[in-house]
Amino acid sequence: MTASISTPQVQIQVEDDRTGLSIETLKRAFLDNLYYQQGKFPAIASPVDYYMALAYTVRDRLLQRWLSSTATYAEQRPRTVCYLSAEFLLGPHLGNNLINLGIYEPVKQAITELGLDLETLLEQEVEPGLGNGGLGRLAACYLDSLATLGIPSYGYGIRYEFGIFDQDVRDGWQVERTDKWLRHGNPWEIARPEWAVEVKLGGHTETYTDAEGRQRTNWMPDQIIRGIPYDTPILGYRTNTANALRLWSAEAPESFDFTAFNAGDYMGAVYNKLTSENISKVLYPNDDISQGKQLRLTQQFFFVSCSLQDMIRRAKREQTPLSQFHEKYAVQLNDTHPAVAVAELMRLLVDEERLEWDQAWEITQKTLAYTNHTLLPEALEKWPVGLFSQLLPRHMEIVYEINARFLQDVRIRFMDDGDRLQRMSIIDETGERYVRMAHLACIGSHAINGVAQLHTDLLKQDVLRDFAEMYPEKFTNMTNGVTPRRFMLLSNPRLSNLIISKIGDGWLRDLDQLKQLEPFADDPGFRQDWRGIKHAIKQDLATIIQRDYGVTINPNSIFDIQSKRIHEYKRQHLNVLHIITLYNRIKANPNLDITPRTFLFGGKAAPGYFMAKLIIKLIHSVADVINTDPAVGDKLKVVFLKGYSVKLAQKIYPAAELSEQISTAGKEASGTGNMKFAMNGALTIGTLDGANIEIREEVGEENFFLFGMTAEDVYARRSSGYNPREYYNSNPDLKLVIDRIASGFFSHGDTELFDPILDSLLNSDPYFLLADYQSYIDCQDRVAAAYRDQDQWTRMSILNSARMGKFSSDRSIQDYCDGIWKVNPMDVSIHKFFDAD
């Protein structure tokens, strides 16, 4: 937006400081925000002040596009996607917004001319810890792609005051610290208290007959919570579309009881405030205790109810009849956390809006779609009936009614099959009675999808087999994807600029264009440039590791990286068995000609998951021995990078040369880290699990290091009676590795420290480490041999990047739009909300 200053001779255009993009305007706007938002001048401003001033400067330019998008949607009233997720692991906003606005370089120059360093300011941003791992990061990628493709949409979740914990390590053990991501405020969000909603909890129900003679139900709660929305604009790449991420914060309707305070009951005066705000206090409270289970269910219901009420409010504002609610909104349930939406939408339509049951059920099913993200039965949420009834009495009644009608359909479809009725019931009656949330989601949704082809096939064959037989038309596959804007252009600018110099930048919106890189894999000069950039990035990471951990690593070694949530099925401990195998070889032959390796780990263990924490301790214990053994030198180094986050990942992915994707076949739904590593030129060592299968198909078998059993092999081995001790007793190398851990060699003589891991491996080995051990070691030997031919390795690296087009989140979102949501993009033009003339 510009203002015009006219003289008899000339008309001068002056950019608006809120929206202008010239360097001089950006400098002026930055200083204005430093003065009037932060209340500081340069002599007393801190780096955080400078970051905040720049964030507000960039946000002003986002708001212009966000308000234009909102105005366009209000005028056109398009079908809208609503993405419900308990997690949104967004990563830092500033750098990504600079990239998407197309002003990274102008801002960098403006900041430089003011005597500051942009990289220093970027480092000041505290990352919003609103997710635990892949689920939340996928949701963030999808929001980016929805805006990039111009799809009208909202993200809905919880504004956790404290996100996923900050991870520290003391004596090799993970220690959780409070994630105070809001300690400096959040310049990217705007509170919307005028759109607050009320959420009921507990109490009881009462039935009555309405004026038309119909039986109705009133929910009489014993607690009411206010949900306050906070909106964050999510801008697409080089587009005018900016959609909203709406996160809900819980408050008490009355936060202070003045009467109680005057009576001297100071804690009682703020009791309602404390109990209400606990709902949005922390991501994933420990649910090993009953209070934690209740809080977690309350969180899920809270954000689902807030979000559905918000949709109804907007539909009414647009004068959309609720009979057309399913035509206005496509609501995606990201895993089972929001599955209570089935019962809550029914309650809102039947009890609050007075629709008949059958009409409400049709609307509910046509509105909702369900994404499943797990093949682990224990991860499919279920809630004790007693807890569910106590917290959500009306919803329990609705679930019973849905279940009764559904089971009658099953009886008719599959006559005389009582076992099937028991398996498919929403209520698990096999012991303590539970509400199966995945079953509720399957019944109440019109579409059910997995997130990789193998995952979807296994859902239909095993985890959700009965539902696939009942509703084959509901099931489809939507392979995950990631955004190349954050995980290539922002994270890896040197490699991205090399690619752009050869094929242009169209691949950033159409990742299939990376295929144009394939001929350059045979260009010696290009391979040399590629290899040089990779080496420089490795050197940068080595410098950080030396500074932060005091470990000197060899930049000419293979950077072998496994960074992901710590879990037994992801098999970080199989990686450790390989490290010890290499160490044993060196100790047996100090002159052994070995390909140098740097093993890097990153990831968090759930606070209550002891085995995962013990695996972290094992990694550190092995590292302590290997990194200080003079016989090893720079042949092997092991480093655990603590505090894994999106910000740290953006430093790790570009430096990786070997990506460890070694989960037990049939356990990983998809994975997205595998995609980010490969996009950045890392080669994958992996099993035929999750999206590994599709990555291997795309990049070529010859450019992927495959090992291990297939999902079918795992099933057959388990069915025939798996005895892990047979592998231990028959494989001398494996036996030496296990015995070395058991002897206390890596634990200062403590022979019991790692007994839980060893007992699990030798007596049950539920994730088949010992069965896959030799295949993994042999494959790692092939990796080492391949790395010695640097020219061929570089060629393989280039082809991995060039063939990753399928794994863009833009492709994933387009598949959802075409196959499930039936929604079209909408052009947004910049609106002129006021005239500056």
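1. Helix α12 (residues 341–352) packs against helix α15 (residues 393–413) at about 100°, their axes 9 Å apart. That makes the two roughly perpendicular (the label covers 65 to 115 degrees). Axes here are lines fitted to C-alpha atoms, for helices over the stretch in contact, with angles from 0 to 180 degrees between N-to-C directions.

2. A word on the basis: this is a predicted model, where local features need pLDDT of at least 70 and side-chain atom pairs count only at pLDDT 80 or more, while totals for chains, interfaces and linings use all residues. Residues are numbered from 1 along each chain as its sequence is written, and side-chain values use heavy atoms, leaving out hydrogens and water.

3. On the α12 side, the contact (heavy atoms within 4.5 Å) uses V342, A343, E344, M346, R347 and D351; α15 brings R394, H395, I398, V399 and I402.

4. Buried residues of α15 include R394, H395, I398, V399, I402, F406 and L407 (buried is under 20% relative accessible area, with a 1.4 Å probe and protein chains only).

5. Now the sheet: three strands, open, in the order β15-β17-β16 with antiparallel pairing (a pair needs at least two DSSP bridges; strands are E runs of at least two residues, helices H or I runs of at least four, numbered from the N terminus). The edges are β15 (382–384) and β16 (427–428). Two bridges join β16 to β17 (residues 434–436), and I427 has V435 as its bridge partner.

6. Lastly, helix α17 (residues 437–444) lies across β15 and β17, at about 40° to β17.

Key: Parallel < 35°, antiparallel > 145°, perpendicular 65-115°, else oblique. Buried < 20%, exposed > 50% of the residue type's maximum accessible area, 1.4 Å probe, protein only.
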